[in-house]
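Welcome to a short tour of one protein model. Keep the sequence and the 3D view open as you read, and follow the topics one by one.

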Amino acid sequence: MEFLTSKKWACAAAVCCAFGVSAAYADYPDRAITLVVPTAAGGGNDALARVVGQKMGDLLGQSIIVVNKPGAQGAIASDYVARQPADGYTLMLGYIGTHGINPALQKLNYDPVKDFTPIGRVADSPTIMVVSSSIGVNDVAGLVKYSKDHPDSLTFASAGAGTAPAVAGQLFNQATGANMLDIPYKGSAPALTDTLSGTTQVMFPSLFSVYPHLKSEKIRALAVAGPTRTSVLPGLPTLAEAGVPGVEVPQWYAIFAPAKADAALVQKLNTALNQALNDPEVVKKIDEQGAEVHTSTPAELGAFVQSEAVRWKKLAATTALAAR
């Protein structure tokens, strides 16, 4: 019987290898997986993680539990995940801030390339410039004029220095001389709350974060802080079209594991992620929030993150961007 059992195990291992899954991970996952989100609950990143995580969990046969670890512009969550075992039970929803902008602006305890294993891209969402309706501005030119007529009176809400909303605001200040004061929050959700209330006047959130609120009369979208218009709001001009070139901060989201994760494990997670992102209901939920699904292989994500690191380091060196 022992011989037969060993023979069956060997055959099972051979089958697993034939399909690119090592025998060591044939039963993965056998318990819940944690998906760490580096921003506060209620924001676009959090919503995206929950939509994708639920479907991935269904496909993998285990729950994926979303855990929010906001703070330090995503560095707290990133540092935490980078130091977890590379066993597939701790993942992270990284984004342009954690793996692009923030590492380029300051020295951190983690390396966005060396300390993570790329799993796959999830979605893209343009950065949108919005203003509080309380200041009565209808377009970008009007905001620039308002800033000059009311010097040092404008504030813009951000998710903290080194995040896309903060960098977009800094670039806008440099391009226009607006001199808006950055008011940092622990995530886009609380930042957006204060913009909606008029406590802060301007914000550069992802469309994914702000889209549900654009139908309200509390805020107004002025432009896209990116290279192209968005199909979700085709009538909204880019900042370059509105006369303010150079403010391009398109946002992206992806899933990472700690460094040195087994290749077979990575492939299993990538397959589940891409299957989840091909599910019509998941696509619909992401699309309804103003984002667009973007799948990839682990290698494609790895190359993309390296290119982002180069791009943001160059931009930080050639402009007055600051981590503060």
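Predicted model: local features only at pLDDT ≥ 70, side-chain atom pairs only at ≥ 80, totals over all residues.

Helices and strands here are DSSP runs, a helix having at least four residues and a strand at least two, and they are numbered from the N terminus.

**Backbone points to look at in the loops**

- Most residues other than glycine have a negative phi, and most peptide bonds are trans.
- A72 has a positive phi, near 55°, although this residue is not a glycine.
- A72 counts as partly exposed because its relative accessibility is 37%, which falls between the cut-offs of 20% for buried and 50% for exposed.
- K260 is another non-glycine residue with a positive phi, here near 70°.
- You will find K260 in the loop between β10 (251-258) and α9 (263-277).
- With a relative accessibility of 80%, K260 counts as exposed.
- The peptide bond between Y28 and P29 is cis, with omega at about -5°.
- P29 belongs to the loop that runs between α1 (2-18) and β1 (33-37).

**The five-strand sheet**

- Strands of a sheet pair through backbone hydrogen bonds, either parallel or antiparallel.
- Five strands form an open sheet in the order β7-β6-β8-β5-β9, and their pairing is mixed.
- The edges are taken by β7 (181-184) and β9, and each of these has a single partner strand, so one side of each has no neighbour in the sheet.
- β5 and β8 are paired in the antiparallel sense, over two bridges.
- To see this pairing residue by residue, look at V131, whose bridge partner in β8 is V202.

**Helix α5 and what covers it**

- α5 spans residues 140-149, and its buried residues are V140, L143, V144, Y146 and S147.
- Viewed down the axis of α5, these buried residues fall within an arc of 160°, so they line one face of the helix.
- On the face turned away from that buried side, α5 carries the exposed residues A141, K145 and K148.
- The cover over the buried residues of α5 includes the strands β5 (128-132), β8 (202-203) and β9 (219-224), together with the helix α6 (164-176).
- α5 lies across β5, β8 and β9, and runs at about 105° to β9.

Conventions. Residues numbered from 1 in each chain as written. Heavy atoms only, no water. Buried < 20%, exposed > 50% of the residue type's maximum accessible area, 1.4 Å probe, protein only. Arc of directions from axis to C-beta. Contact = heavy atoms within 4.5 Å. Pairing = 2+ DSSP bridges. Axes fitted to C-alpha atoms, helices over the stretch in contact; angles between N-to-C directions.
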